Each structure stands twice: as C-alpha cells, then as structure tokens.
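Please keep the sequence and the 3D view at hand while reading.

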Amino acid sequence: CGNILGFYDYDQKFPVYGFGAVVNGTNSDCFNINFENDPNIELVDNIIKCYHECLKKIYFSGPTNFAPLIKNIINEIKIQNDPKEYQVLMILTDGIIQDMENTIDALVEGSFYPLSVIIIGIGDADFSKMMKLDGDEIPLVSRNGIKRQRDLVQFVPFSAYEGDEAKLAHEVLEEIPRQIIEYYTLNFINR
C-alpha cells in the first residue's frame, strides 16, 4: 500500500505513526514508530524496517482510536500553513474502532483542510463502521451539527484485493483526484 501512494510523494519522506499500543509502559493513541522527534521516514522500504523494529518495543493493546491520529495530522497541516501541500493519511486497521463519534468530528474538521484519509481494512472484522466513515452513502455530520465540507475518506477492504496490486491501487487512489479537486475548488485556491 505504501508503494501506491509513495509514487506521488515528491521528497519520499513519510510521517509514520502507530496507535492503539503500549509504548514505554503507557497506552498511546498516536506515536512516531521510529521513536524520534521527527516522524518522517525516508523511502517506503524503510517504513517496513522501522515497523518491524517498532514491534519489538511495543505491544498492541487497544483501544483503537482514530481521532487522536487524525487531529495530529490536522495540527501538522495548520502548522505547515501551506494550502498547496495536500496530505494523504493512510490508516491500516482491523476495523475495531472505539472512538467513532470523536473520529467523525475529526474527519468533519479535516474536510476543511487539504487532506484525504484512506482507511485500509485488514483481516475479516466487521468493517461496517469503516463504511460509515467513508460517507459515500450518508455524509458525515459532527456532534455539533457541522456537515463535512467534502468527502475526504476512502475505505478499502484489503482482503478483497489481496494479491492483485493493480486493483488495490485503483481502489486506494480512486477518490483522491476528485477529493483534491473538490478541496481546491471549494477553497478558491489557484494551483
């Protein structure tokens, strides 16, 4: 999956985060998997290496909360303050999310920023909540009654495309061009 998006990244530096794990004896909803101050990992192949090293230092414990991760990315976008830099967050998950309302709130907020979120469902869990986050059928609305500005989520069940990289790439990237165009059209930004 990283290779699919990696092709479109100009500097080949990827901020990589983990979530839902015990890190240094504490439950963490968002941590840098390289355990450095800078979450960026150069080259997709090094992401896998860092991930394997990370697994030696943590253990997955849940709960699975997406909101802290999404809010972290939104804060980075705010700090960067460059609307011409479009971000794509890819979340790999088993689908057992425990902060659905907070995640919807974070995604609605994220819909006003240059951000797309791709959720890759791994395994055979019930992914009905991920389909709701995708929002293709019913647009997301926050608990404050704010409707998302635009669709920013694409959910892809990995098992449906496992072994067929071309179909997986198609599904992962399918909505990204439209999401980018919608963001810039809605926000009157000339590229």
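Predicted model: local features only at pLDDT ≥ 70, side-chain atom pairs only at ≥ 80, totals over all residues.

Arg178 has a relative accessibility of 33%, so it counts as partly exposed.

What does the side chain of Arg178 meet? One partner is Asp151: the two form a salt bridge in which the closest N and O atoms are 3.1 Å apart. Asp151 belongs to the loop between α5 and β10, while Arg178 belongs to helix α7 (residues 176-186), so this pair ties together parts that lie 27 residues apart in sequence. Asp151 counts as buried because its relative accessibility is 6%, and the cut-off for buried is under 20%.

Glu182 is another partner of Arg178, in a salt bridge of 3.2 Å from N to O. Here both residues sit in helix α7, four residues apart, which is about one turn of the helix. With a relative accessible area of 25%, Glu182 is partly exposed. Side chains of opposite charge can pair when their charged atoms come close.

How many salt bridges does the structure hold? There are seven. One of them joins the side chains of Asp105 and Arg143, at 2.6 Å from N to O. Asp105 is in helix α4 (residues 100-110) and Arg143 is in the loop between α5 (128-134) and β10 (153-157); the pair therefore ties together parts 38 residues apart in sequence. Asp105 has 21% relative accessibility and so counts as partly exposed. Arg143, at 49%, also counts as partly exposed, since the cut-off for exposed is over 50%.

The strands come next. Strands of a sheet pair through backbone hydrogen bonds, either parallel or antiparallel. In this model, three strands make an open sheet in the order β4-β3-β7, and their pairing is antiparallel. Which strands form the edges? They are β4 (26-28) and β7 (58-60), each of which pairs on one side only. From one strand to the next, the twist averages 35°.

Strand β3 (residues 21-23) is joined to β7 by three bridges, and the two strands run antiparallel. Within this pairing, Val22 stands opposite Tyr59 of β7.

Notes
Residues numbered from 1 in each chain as written. Heavy atoms only, no water. Pairing = 2+ DSSP bridges. Axes fitted to C-alpha atoms, helices over the stretch in contact; angles between N-to-C directions. Salt bridge = Lys/Arg side-chain N within 4 Å of Asp/Glu carboxyl O. Buried < 20%, exposed > 50% of the residue type's maximum accessible area, 1.4 Å probe, protein only.
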